[in-house]
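Hi,

Here is the structure I promised to pass on.

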Amino acid sequence: EPVPGLLLNENGGPWVAQRARTRRNRKSQGMRDMCAENIVTPANFIYPLFIHTKDYNEAIGSMPGCERHSVDSALKEVAEAYKLGIRSVIIFPKIPDELKTNAADECYNPNGLVPQVIMRIKDKFPEVAVWTDVALDPYSDQGHDGMVSDDSRGDGGFARILNDETIEQLCRQALCQARAGADVVAPSDMMDGRVGALRDALDAHGHTEVSIVSYTAKYASAYYGPFRDALDSAPRESSRAPRNKKTYQMNPANSKEALIEAHLDVAEGADMLMVKPGMPYLDIVRLLRDNTSLPISVYHVSGEYAMMKAAAERGWIDEKEVVLEAMLCFKRAGANAILTYYAKQAAQWLNE
Ligand code: PBG
């Protein structure tokens, strides 16, 4: 019995009369690929590597599949990533406790772990862009990205995170990384004015070709937990400062503030902006995309990785499909580059 209101075509079948049928552009893999507005390639990825001073690797409990690498193993990782088409890596050091101080002076030791690894990578893979994180936390005995004051005039009667004193150390750190051969320095500390200060310091020492990727919109996020496990870099209970980073990282409630940060970073000479975390902050990626012309990177952070791994291990999601979808969504939101612990695995899947 025909459904009332539906027309019949000339074969007697139902006909919902309409000219536009959007499914025609989805009818085959070839059509879908031809019409795709966005595409992810291994060259979009920046591969993060955790390194330590030991000569063996250590698993990271809350980040299955990630390890703290020995220097030799880190080099192997770079080689494998390169074969898969990845052209950028970023290194994060786990520093032994006995080298940590409030001023974090180890961050500019020219014989330290990071400069050593940069030199080894650049020596073997000159065409790989080596990124470094600029912030004090791996070197801080307080577990903060900046130096902590010895008074208690800060938030909630705690000590303060000193802005300009920290920037002086960050300049020393970035110079040390640039001298070792870093291609990109990425300040993740969220001190005010650090991008301009770093640009001036680098330029004054002849490092005009070293890029600055600013962690522009870096939120005070609970998604960084597994990363802080990996580096043992969480704000310490023993610290005089608060056990959170809310006086320098951004409030997750805010998006207009991300625009202020973006305009400052552009004015201070940043080469690329970054949004962090990734998936819960796609609106911020889009906001910056629509308001600046610089390239944008997005950080798919440790907690996002851990959530996907945990669900995948239980068989609750299809890991490959979910990961590649997330990467595509970063591109659709407006990101050019994606920092993800899945970089190698995703590149493998894309190359299949
Ligand atoms: C350090 C830094 C952090 C991350 C990148 N650089 C931790 C933090 O700010 O506490 C987090 C990355 C991740 O969670 O994957 N300034």
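Strand S13 has side chains going both ways: Ile-296, Val-298 and His-300 point to one side, Ser-297 and Tyr-299 to the other, and all are buried. That makes S13 a mostly covered strand, with five of its five residues buried. Keep in mind that this is a predicted model, so everything here is read off predicted coordinates.

S13 has partners on two strands. With S12 it pairs in the parallel sense over three bridges, and Met-274 has Ser-297 of S13 as its bridge partner. With S14 it also pairs in the parallel sense, here over four bridges, and the partner of Tyr-299 in S14 is Leu-339.

Now for the helix that goes with this strand pair. S12, H8 and S13 make a right-handed β-α-β unit. Which residues of H8 are buried? In this helix, residues 282-291, they are Ile-284, Val-285, Leu-287 and Leu-288. Seen down the axis of H8, the buried residues fall within an arc of 165°, so they line one face of the helix. The general rule behind such a pattern is that an α-helix has 3.6 residues a turn, so residues three or four places apart point the same way. Asp-283 and Asp-290 sit on the other side of H8 and are exposed.

Strand S3 (residues 45-51) is joined to S14 (residues 337-340) by two bridges, and the two run parallel. Leu-339 of S14 turns up again here, as the bridge partner of Ile-46. S3 has two further partners. Six bridges join it to strand S6 (residues 88-93), again running parallel, with Leu-49 standing opposite Ile-91 in S6. Another two bridges join S3 to strand S5 (residues 67-69), also parallel, and there Phe-50 has Arg-68 as its bridge partner.

S3 is mostly covered as well, with seven of its seven residues buried. Phe-45, Tyr-47, Leu-49 and Ile-51 point one way from the strand, while Ile-46, Pro-48 and Phe-50 point the other way, and all are buried.

On to the core. The largest nonpolar core has 98 residues, and those with the most contacts inside it are Val-89, Val-185, Val-285 and Leu-288. The largest share of this core, eight residues, comes from helix H4 (residues 163-180).

Asp-141 is found in the loop between strand S7 (129-134) and strand S8 (147-148). Is Asp-141 buried, exposed or partly exposed? Asp-141 has 17 C-beta neighbours inside 10 Å, so it counts as partly exposed; being buried would take 20 or more. Not counting residues up to four places away in sequence, Asp-141 touches Lys-100, Thr-101 and Asn-102. Asp-141 and Ala-20 are 121 residues apart in sequence and 64 Å apart in space, C-alpha to C-alpha.

Some totals for the protein chain, in case you want them for setting things up:

- The secondary structure comes to 11 helices and 14 strands.
- Of the 352 residues, 43% count as buried.
- The C-alpha trace spans about 85 × 45 × 45 Å along its principal axes.
- Among contacts between residues at least 6 apart in sequence, 73% join residues at least 24 apart.

Last, the confidence scores. The protein chain averages a pLDDT of 97, and 100% of the residues score at least 70. The model scores ipTM 0.98 and pTM 0.97. In general, where pLDDT is low, the predicted coordinates should not be read in detail.

Cheers

Note on methods: Residues are numbered from 1 along each chain as its sequence is written. This is a predicted model: local features need pLDDT of at least 70, side-chain atom pairs count only at pLDDT 80 or more; totals for chains, interfaces and linings use all residues. A residue is buried if 20 or more other C-beta atoms lie within 10 Å of its own, exposed if 12 or fewer, and partly exposed in between; C-beta atoms are placed from the backbone. The arc is that of the directions from the helix axis to the C-beta atoms. Two strands pair if DSSP finds at least two bridges between them. pLDDT is the predictor's confidence in each residue, from 0 to 100. Two residues are in contact if their C-beta atoms, placed from the backbone, lie within 7 Å. A nonpolar core is a set of buried Ala, Val, Leu, Ile, Met, Phe, Trp, Tyr and Cys residues joined through C-beta atoms within 7 Å. A crossover is right-handed if, with the strands pointing away from the viewer, the path from the first strand over the helix to the second runs clockwise.
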